[in-house]
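Reader: I would like to go through this structure term by term, setting each value against its definition. Could we begin once it is in view?

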Amino acid sequence: MPADVLSELEAEKAARRQREAQRSAQVAAVIKAEVQSLGSKREVYRSLGSVRLPHARTNRTLRRRAHMRVKVLYFARAREATGSTEESAEIENGTTAKALLETLVRRFPKLQEIRSCLVLAINQEYADGSAVLKEGDEVALIPPISGG
Amino acid sequence: MAGIQSDPSAVDTRSSASKFDPQNDFVNVTSEALSLDAAYKAVHSTAAGAITTFSGITRDNFDGKKVVRLEYEAYAPMAIAKLKDICSEIRSKWDVCKIAIFHRTGVVDVGEPSVIIAVSSVHRASGLEAARFGIDELKATVPIWKKELYESGDLWKENSEFKPKAASGD
């Protein structure tokens, strides 16, 4: 199921990129034609007034939505492995909890020793690795517990 | 009295449909020393014919090694939430009057209590069963960790009861 969702997301992304590329090419062609007729790009933009070129706006929108921040908490052996209790991580939209963990294991090789027994919690609930993270989520790396 | 009040910084903002009863259920995760007397008084009720208490004490030995002390660490907000869930589950299974579950964090010397559970009930059966369930479920679900320090070396303990609802990595 997760693989299907991921490939669906990837397909949507690719389709969206293709549409934007086509749009950019069309706008570029229009500008080129106008430049040839008006003599300079400056004249073209003046004639367009305050209208923002659509591809530029879309690119800015895409850049704003491309990444998000989550809070990562480390406890017990995970804390010792990373030397940190918490940090803010910037991740791409659509990142799963498992993908984030893989990134952290690459950054902190000592996490690999406990990787197989780590459980994740998202916003203080135990979570499946396939859970997709959202902006502002609190993700905790939870080694085997030993309260009581 | 120290340890009675719920941690004010760990407000549970989830659904109010939980059976946790803030008037009669007391949970806390604190670095202060635990008091059995405080737990007893927290759950005392003239409607109850029985008060059951459980204390988890730091032992002086493990696997032939001498334990110098224990150090506890907690994911406090989630631990408080899970302790409240345990109270809800107790209330859904047994008829009890009041519940108190207190866990200590930081350094706990040998012989000191690291966890105290107290349950008052009209009759003893439900109190005894609820207290038993409480400690079993705490060991299985509450994000608290214990490190044992020996004369030479230390070890992060792992509860065999640990069974989160979902495991990562699948």
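Reader: What share of the contacts in chain A with a separation of 6 or more is accounted for by residues 24 or more positions apart?

Author: In chain A that share is 52%, where contact means heavy atoms within 4.5 Å. In chain B, residues 24 or more positions apart account for 74% of the contacts with a separation of 6 or more. This is a predicted model, in which local features need pLDDT of at least 70 and side-chain atom pairs count only at pLDDT 80 or more, while totals for chains, interfaces and linings use all residues. Residues are numbered from 1 along each chain as its sequence is written, chains are lettered from A and ligands numbered from 1 in the order in which they are written, and side-chain values use heavy atoms, with hydrogens and water left out.

Reader: Why is B:Lys82 called buried?

Author: Buried means under 20% relative accessible area, with exposed over 50% and partly exposed in between, for a 1.4 Å probe and protein chains only. B:Lys82 has a relative accessible area of 5%, so it is buried. This residue lies in helix α2 of chain B, and, leaving out residues up to four places away in sequence, B:Lys82 touches A:Glu125 and A:Tyr126 as well as B:Thr141, B:Val142 and B:Pro143.

Reader: What is the relative accessible area of A:Thr82, and is this residue buried or exposed?

Author: The value for A:Thr82 is 11%, and therefore it is buried as well. A:Thr82 is found in helix α4 (residues 76-82) of chain A, and touches A:Tyr74, A:Phe108 and A:Leu111, not counting residues up to four places away in sequence.

Reader: Which residues have the most contacts inside the largest nonpolar core, and what makes a set of residues such a core?

Author: A nonpolar core is a set of buried Ala, Val, Leu, Ile, Met, Phe, Trp, Tyr and Cys residues joined through side-chain atoms within 4.5 Å. The largest has 29 residues, and B:Leu83, B:Ile90 and B:Ile101 have the most contacts inside it. Its largest share, 6 residues, comes from α2(B). B:Leu83 touches, among others, B:Val27, B:Val29, B:Ile101 and B:Leu138. A second, separate core of 23 residues includes A:Met68, A:Ala89, A:Ile91 and A:Leu111.

Reader: At what angle do α2(B) and α3(B) pack, and how is such an angle defined?

Author: The angle is about 145°, with the axes 10 Å apart; axes are lines fitted to C-alpha atoms, for helices over the stretch in contact, and angles run from 0 to 180 degrees between N-to-C directions. The residues that meet include B:Leu83, B:Ile86 and B:Ile90 in α2(B), and B:Phe133 and B:Leu138 in α3(B).

Methods. Helix = DSSP H or I, 4+ residues; strand = E, 2+ residues; numbered from the N terminus.
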